[in-house]
Amino acid sequence: MASNTRPLAIVTGASSGIGYELAKCCAEEGFDLLIAADEPEIRQAAGSLQALGVAVQAVQADLATLEGVDKLYAAAQGRPVDGLLANAGRGLGRAFLDQSFDDIRHVVDTNITGTIYLIHKVGNDMRARGQGRILITGSIAGYMPGTYQAVYNGTKAFLDSFSVALKHELNDSGVTVTCLMPGPTETEFFERADMMDTKVGQQKKDDPADVARTGFKAMMKGETDVVAGVKNKLQTAVASVTPADMLAEQHRKMAEPGTGKQKERGQDG
Ligand SMILES: NC(=O)c1ccc[n+]([C@@H]2O[C@H](COP(=O)([O-])OP(=O)(O)OC[C@H]3O[C@@H](n4cnc5c(N)ncnc54)[C@H](OP(=O)(O)O)[C@@H]3O)[C@@H](O)[C@H]2O)c1
């Protein structure tokens, strides 16, 4: 990307949902954008974000792969990155033994491997410059053993923990690390995770724009972590003192296939 006087933010998973809203927050704050997602829709997102008056470059890459992350990193062409918003992620509902292992691996490789590989590359540049902000989208799911979403919750527990540890390793380096922990949010997430027949898939959810604003503000302040929404804050406080067995059973009630309301007969056409 050509040098500019504006700061640059990389936002992953910016084609929809929380990532798109995070990219919007960055643009409104005057960051140029390098945005990435796996599907061609990332270009449409770039078009909408350009209307906010900043330079936007879109990269289509599978961030579950090291090659995909290399492609995104190379697209910055050495331009210093002021904000890295590592948000791309995917869920996977249903019982672990019934999931395909390819799908399981894609979740782990997107949410963990690709995310920390990108942070490792950009984080090193930031530390060398003594400047930069990193926002990682974890989840309140990281507080609960995720019965019927076991692998996903495990990946988010990893990110929630990793981000705080990294923040402390980077104390006094000029680089901040913040973890955004959303609760259930109205995005394409649950449909993609095949969870639309579950209670959590069907329940009323938070607005992705509100969630993104909460995360963006926390990143700009250099806060360690932030749970989006009062209800979710309460839930994580309670989860911290609740036995894991009890949490796992609570999660079953929200995420087991068929826990959502059945569609009325004939509604499927
Ligand atoms: N929605 C929730 O309830 C919720 C709650 C807590 C945390 N989160 C986290 O929030 C983040 C954003 O999710 P969302 O809710 O906004 O869902 P979303 O609308 O499905 O957005 C996910 C974004 O990540 C991208 N992505 C997924 N896998 C990718 C891959 N392998 N390579 C490149 N891009 C990839 C998607 O792009 P493509 O379409 O191109 O794949 C999309 O842009 C995720 O990390 C998720 O775990 C969500």
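Contact here means heavy atoms within 4.5 Å. Keep in mind that this is a predicted model, where local features need pLDDT of at least 70, side-chain atom pairs count only at pLDDT 80 or more, and totals for chains, interfaces and linings use all residues. Residues are numbered from 1 along each chain as its sequence is written, and side-chain values use heavy atoms, with hydrogens and water left out. Helices (H or I, at least four residues) and strands (E, at least two) are DSSP runs numbered from the N terminus.

**H3 against H4**
- On the H3 side, Leu66, Val69, Asp70, Leu72 and Tyr73 touch Thr113, Gly114, Tyr117, Leu118, Lys121, Val122 and Asp125 of H4.
- That contact splits into 7 nonpolar, 2 polar and 3 charged residues (Ala, Val, Leu, Ile, Met, Phe, Trp, Tyr, Cys and Pro count as nonpolar, Asp, Glu, Lys and Arg as charged, the others, Gly among them, as polar).
- H3 (residues 66–75) and H4 (residues 101–129) pack at about 35°, with axes 9 Å apart; axes are lines fitted to C-alpha atoms, for helices over the stretch in contact, and angles run from 0 to 180 degrees between N-to-C directions.

**H2 and its cover**
- Ile42, Ala45, Ala46 and Leu49 of H2 (residues 41–50) are buried, meaning under 20% relative accessible area (1.4 Å probe, protein chains only).
- Looking down the H2 axis, these buried residues fall within an arc of 105°, so they line one face of the helix; the arc is that of directions from the helix axis to the C-beta atoms.
- Their cover includes helix H1 (17–28), strand S2 (32–37) and strand S3 (56–60).

**H1 against H2**
- H1 and H2 pack at about 30°, their axes 10 Å apart.
- Tyr20, Ala23 and Lys24 of H1 meet Ala45, Ser48 and Leu49 of H2.

Methods. Buried < 20%, exposed > 50% of the residue type's maximum accessible area, 1.4 Å probe, protein only.
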